[in-house]
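Subject: A structure for you to look at

Hi there,

Here is the structure I promised to pass on. Please open it beside this email and follow along as you read.

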Amino acid sequence: MLAGRTPWVIVLTLGAAGFLSIVHMPDWAVDYRPQWTAMTVIFWITTLPDRVGVFWAFFAGLMMDVVTGSLLGQHALSFSVMGYLTVELEQRIALFRAWQQAVSIWLILTVERLLSLWVLSATNQPTPSLSYWTTTFVSMLLWPWFAAALRGLVRRLDLA
């Protein structure tokens, strides 16, 4: 195990997820963009619960606030709550089959979206359309392959 390499791998994957979250997409595809950063945070919390937790989620949310230009603290709050839920449910999620994990991830991502929506309405910003929720379904559908790819990275780098 190369424990000293672990934080850099986590930071790099979160950076890649942040990049994927802002990369330009055609207008019709924007509503289908997975929640890459949130999915990455959830993966690391469930994979390395002794090293990644709510503070990582908070800083990932802060990064999302900066790169997306949203209200400072909007994602930090929702990611922190999402991180807390993931920490609390991590042992159960690990026992689930892939499709059950995907449904669990969908529920956690929906809570993250609800908190972001609450912040938007509390700050009198326009309420997004129903397509706002599409991204949680896309993330749920991609979760098994996303988690398998990152698990392969963990195994290859011997991080666990």
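Let's start at Asp158, which is found in the segment after α6. Helices such as this one are DSSP runs of H or I with at least four residues, strands are runs of E with at least two, and both are numbered from the N terminus. Asp158 has a positive phi of about 55 degrees although it is not a glycine. Most residues other than glycine have a negative phi. At 42% relative accessibility, Asp158 counts as partly exposed; buried means under 20% relative accessible area, exposed over 50%, and partly exposed in between, with a 1.4 Å probe and protein chains only.

Asn124 also has a positive phi, near 55 degrees, and is not a glycine. You will find Asn124 in the loop between α5 and α6, and it counts as exposed, with a relative accessibility of 72%.

Before going further, a word on what you are looking at. This is a predicted model, in which local features need pLDDT of at least 70 and side-chain atom pairs count only at pLDDT 80 or more, while totals for chains, interfaces and linings use all residues. Residues are numbered from 1 along each chain as its sequence is written, and side-chain values use heavy atoms, with hydrogens and water left out.

How confident is the prediction? The protein chain averages a pLDDT of 93, and 98% of the residues score at least 70; pLDDT is the predictor's confidence in each residue, from 0 to 100. Confidence is lowest in α1, at a mean of 94, and highest in α2, at 97. Where pLDDT is low, the predicted coordinates should not be read in detail.

Now back to α6, residues 134-157. This helix has 24 residues and reaches 33 Å from its first C-alpha to its last, close to the 34 Å expected; the expected span is 1.5 Å times one less than the number of residues. α6 bends by about 50 degrees at Trp143, and a proline, Pro144, follows within four residues. The bend is the angle between axes fitted to the seven residues ending at a residue and the seven starting there. Among the buried residues of α6 are Thr135, Trp143, Phe146 and Leu150. What covers the buried residues of α6 includes α1 (6-22), α2 and α5.

α4 bends by about 60 degrees at Leu89. The cover over its buried residues includes α2 (36-47), α3 (54-68) and α5 (98-122).

Where does Thr86 lie, and is it buried or exposed? Thr86 lies in helix α4 and is buried, with a relative accessible area of 0%. A polar atom of its side chain lies 2.8 Å from the backbone oxygen of Met82. Not counting residues up to four places away in sequence, Thr86 touches Ile42, Ile45, Thr46 and Ile108; contact means heavy atoms within 4.5 Å. The other residue is Phe79, one of the buried residues of α4. Leaving aside neighbours within four places in sequence, the contacts of Phe79 include Thr37, Val41, Ala60 and Glu112.

Phe79 also brings us to the largest nonpolar core. Of the 31 residues in this core, Val41, Phe43, Trp44, Phe79, Met82 and Trp143 touch the most other members. A nonpolar core is a set of buried Ala, Val, Leu, Ile, Met, Phe, Trp, Tyr and Cys residues joined through side-chain atoms within 4.5 Å. The elements giving two or more residues to the core are α1, α2, α3, α4, α5 and α6, and α2 gives the most, with eight residues.

Finally, have a look at α1. The buried residues of this helix pack against α2, α3 and α6. One of them is Gly18, which counts as buried at 4% relative accessibility. Gly18 and Ala60 are 42 residues apart in sequence and 8.5 Å apart in space, C-alpha to C-alpha. Leaving aside neighbours within four places in sequence, Gly18 is in contact with Thr37 and Met63.

Enjoy exploring!

Best wishes

Terms used: Polar contact = N/O pair within 3.5 Å; in protein donor to acceptor, adjacent residues only side chain to side chain.
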